[in-house]
Amino acid sequence: MASQDGNEAVVMETEGSPKKEESAGANLGDGDAEANEESGQEDGRNSSTQCQASVSNGGDTDDGKETVDLKIIWNKNKYDLRIPLDATGASLKERIHSLTGLPPSMQKVMYKGLLPEDKTLREIKVTNGAKIMVVGSTINDVLAVNTPKEVIQQEVKAEENKKEPLCQQKQHRKVLDKGKPEDIMPSVKGTKERLPTVPLSGMYNKSGGKVRLTFKLEQDQLWIGTKERTEKLPMGSIKNVVTEPIEGHDDYYMMAFQLGPTEASYYWVYWVPAQYVDAIKDTVLGKWQYF
């Protein structure tokens, strides 16, 4: 009996063991539940924090920056654009690209003249609601239209290298020998300036008459005015621009606009102030002509 009681005791202890394990397991389960609940609360707090950070970062793009609203006009289409006032001209071109699909290298962006890429909108005094004119074509259109121009320019340069300086040629001497016009615009040697907001005036044409150049950027036209009449030329129709400093007055240039396939189509202008020569070329031909 004692042996049996002992066995029964052993059996009872053995049967009692799982109950302790179950109790421990229950306690462990409660602990896991609490841990999971705390973990869930922590994850919720982290998720909330991450969400708040994401919203904050998203608002940092323009928050705190002074912006300006612009009206972009290209190819008879109008686009509204808000951009930081401290953005550069190059940044503006990128934004125009995203609006129009026109690559920056193919854009002529005008605001009171050709827009400089390295200056900010604040520096060039762009105001709220300003109209920004964009002139340009797709790459395929430019290649189709401008390839002949490039060929013409190369041929012109080759011919110029064979000839005597333009200033010494008889047809130009008769105009240059009249001397510098009294009412010519002042020149600044060794500098490059944007086109002035007023017409370039006081210059001579090939016949020795007074001529003025007006750049109608919003119409993409060059107006050549004389006492008798005003010629309104689409800038896209001008094949080339030929320039040379005037001998003895290298702060002034003589300049020709090529309107046709030969030299006979040159329209000559004398005593162009040196600081505007590059701006005239960029405006008439477009910067992509030099790429």
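Is Asp 86 buried, partly exposed or exposed, and what is its relative accessible area? Asp 86 is partly exposed, at 48% (buried is under 20% relative accessible area, exposed over 50%, partly exposed in between; 1.4 Å probe, protein chains only).

The model is predicted, so local features need pLDDT of at least 70 and side-chain atom pairs count only at pLDDT 80 or more, whereas totals for chains, interfaces and linings use all residues. Residues are numbered from 1 along each chain as its sequence is written, and side-chain values use heavy atoms, with hydrogens and water left out.

**View 1. Salt bridge between Asp 86 and Arg 122.** The N to O distance is 2.8 Å (a salt bridge is a side-chain nitrogen of Lys or Arg within 4 Å of a carboxyl oxygen of Asp or Glu). Asp 86 lies in the loop between strand S2 (77–84) and helix H2 (89–100), and Arg 122 in the loop between strand S3 (108–110) and strand S4 (131–135), so the pair ties together parts 36 residues apart in sequence (helices, H or I of at least four residues, and strands, E of at least two, are DSSP runs numbered from the N terminus). Arg 122 is partly exposed at 38% relative accessibility. Glu 66 joins Asp 86 and Arg 122 in a network of salt bridges.

**View 2. Salt bridge between Lys 108 and Asp 220.** The closest N and O atoms are 3.8 Å apart. Lys 108 belongs to strand S3 and Asp 220 to the loop between strand S6 (210–216) and strand S7 (221–225), so the contact ties together parts 112 residues apart in sequence. Lys 108 is buried, at 6% relative accessibility.
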